[in-house]
Amino acid sequence: MAEVTEKPFGKLRSFFWPIHSYELKKIVPLLIMFLCVSFNYTILRDAKDALIVTAPGSGAEAIPFLKVWCVVPFAIVFMVIYAKLSNVLSKQKLFYAAIVPFLVFFGLFAAVIYPMKDILHPTHSADMLQNALPQGLMGLVAIYRNWTFALFYVMSELWGSVALSLVLWGFVNDITRVTEAKRFYTLLGLGANVALLISGPLIMHFANVRATLPANVDAWGVTLNYLMSSVIASGVVLLGVYSWMQKNVLTDPRFYDPKDLKKKKSKPKMGMLESFKFLAKSRYLGCIAILVIAYGVGINLIEVTWKGQLKLQYPNTNDYVKFMGMFSTVTGAMTIFMMLFVGGNLLRKKGWTFTALLTPVMILITGTLFFTFVIFRANLSPLTALLGVSPLMLGVIFGMVQNILSKSSKYSMFDPTKEMAYIPLDPESKVKGKAAIDVVGARLGKSGGSLLQQGLIVGFGSLAAITPYVAIILFIIIAAWITAGKSLGKQFNTLTLQQEEARKAEALAAQSATSGAEASEVAAVAKEETTVVSS
């Protein structure tokens, strides 16, 4: 391993940019890759929502059905294929095999599939189904009616899971040492959110093309072409940077040496039933699982209701996606601010429990305001008249604020406190507990809210009709979240205190057992080791 001597970081530099000059060769390409993946993710997320929510005969009611009956099965199929390919392809070829099909599909969708939507979509048979089936199944009929849009929605959802979580983070974890990760990973997270500040304004710019086109031109089709061209260009840059790193970074012993990197312990594979059994044995792990599930379900419940209001306010696809571009821009700015200046400071000054409970309390307050304006819209006309906005627009604004604060608090407060909660656990509970929570929390958090909404829509007929019931369910979930957070905070503080007292006792015992001469020798060695580590 080549040795590199660098001066220690100053306090200000260590906070904002804890990177040695020679490490720019590694961190800059990684930042570009995160920017490209997150840039695409933002464009695809906003475009897929606009397509589905504003499609003929569709609305936000289709989203719960899509997530349960389309996204989950496609994700399972993809993972089976990916696992098979991983056995026969090198890591480099596997990276290309995972990314290229997405870029090809998004290019074909804009150039071929979308222009042929009137031919491909089964409008007449969908009308027959809608007349024959109950109103509550309109979401399923909408998926059938606009199946190409549904396919685009699924592929866009998978991009976040595959390109970001599986492929890119997998690549980074393979080539990054622990000492580098402590300094790199925060910057990579910030870089991913900087992408929102680029993609958001770009979405708004392309959405405004509608004003320059003749009335008989499909403005959304033109906007979609621009957006997908940007996605493909960003994807090409991603592949190019990855190829460059293979040739110039992974061949440099300062950054990558397979013999130097210890093999990571693989997570124990646990099924859903086995995960539940393991979590049931530990009150501590059960509380963490409740936090993860409650966040996933709560955000899903509010987000779908909010998108239903967005369609009422912005029925035109270009207007809808323009608003979402502005939403993404503000979300990126707020998340960066919260990560840099709020989350860490609150943890240091107010402690774990206060910081962990701030997210559910914030969602409770903003969610209450949002649902109040949605449910009691007709009774709030005098108030909204004084403010100069419609009741619908005020509900949209409160929903936007709620979603922005929820997403920014996840990265700055929820995720750090959740990960900290594993630290005091014994090795077995730490590894197996996290694996179990990943299984239970990921599945129930993502699909739980959709299943609840899907059942209510089938029973009551529409998203508007179920809004009061969604609000009640949300408040129950947040109450469970806060209760579990308080309990976990007490257990976390107790375990942390016990471990600290145990360390102090061991230190005192070691100090009393060491003679004066031996103590001096130990201190000198420790000082020398500290100097080596710090340098």
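**Exercise 1. How many aromatic pairs does the structure hold?**

Solution. Start with the rule: rings of Phe, Tyr and Trp (its six-membered ring) pair if their centres lie within 6.5 Å. The structure holds 30 aromatic pairs. This is a predicted model, where local features need pLDDT of at least 70, side-chain atom pairs count only at pLDDT 80 or more, and totals for chains, interfaces and linings use all residues. Residues are numbered from 1 along each chain as its sequence is written, and side-chain values use heavy atoms, leaving out hydrogens and water.

**Exercise 2. Describe the pair of Phe95 and Tyr242.**

Solution. A ring pair is described by the distance of the centres and the angle of the planes. Here these are 3.7 Å and 5°. Planes under 30 degrees apart count as stacked, over 60 as edge-to-face and the rest as tilted, so Phe95 and Tyr242 are stacked. Next, find them: Phe95 is in helix H4 (residues 91–113) and Tyr242 in helix H10, 147 residues apart. Helices here are DSSP runs (H or I, at least four residues), numbered from the N terminus.

**Exercise 3. Is Tyr242 buried or exposed?**

Solution. Buried means under 20% relative accessible area, exposed over 50%, partly exposed in between (1.4 Å probe, protein chains only). Tyr242 has 2% relative accessibility, so Tyr242 counts as buried. Phe95, at 5%, counts as buried too.

**Exercise 4. At what angle do H8 and H10 pack?**

Solution. Helix H8 (residues 147–175) and helix H10 (residues 219–248) pack at about 15°, with their axes 14 Å apart. Axes are lines fitted to C-alpha atoms over the stretch in contact, and angles run from 0 to 180 degrees between N-to-C directions. Angles under 35 degrees count as roughly parallel, over 145 as roughly antiparallel, 65 to 115 as roughly perpendicular and the rest as oblique; therefore H8 is roughly parallel to H10.

Definitions and conventions:
Helix = DSSP H or I, 4+ residues; strand = E, 2+ residues; numbered from the N terminus.
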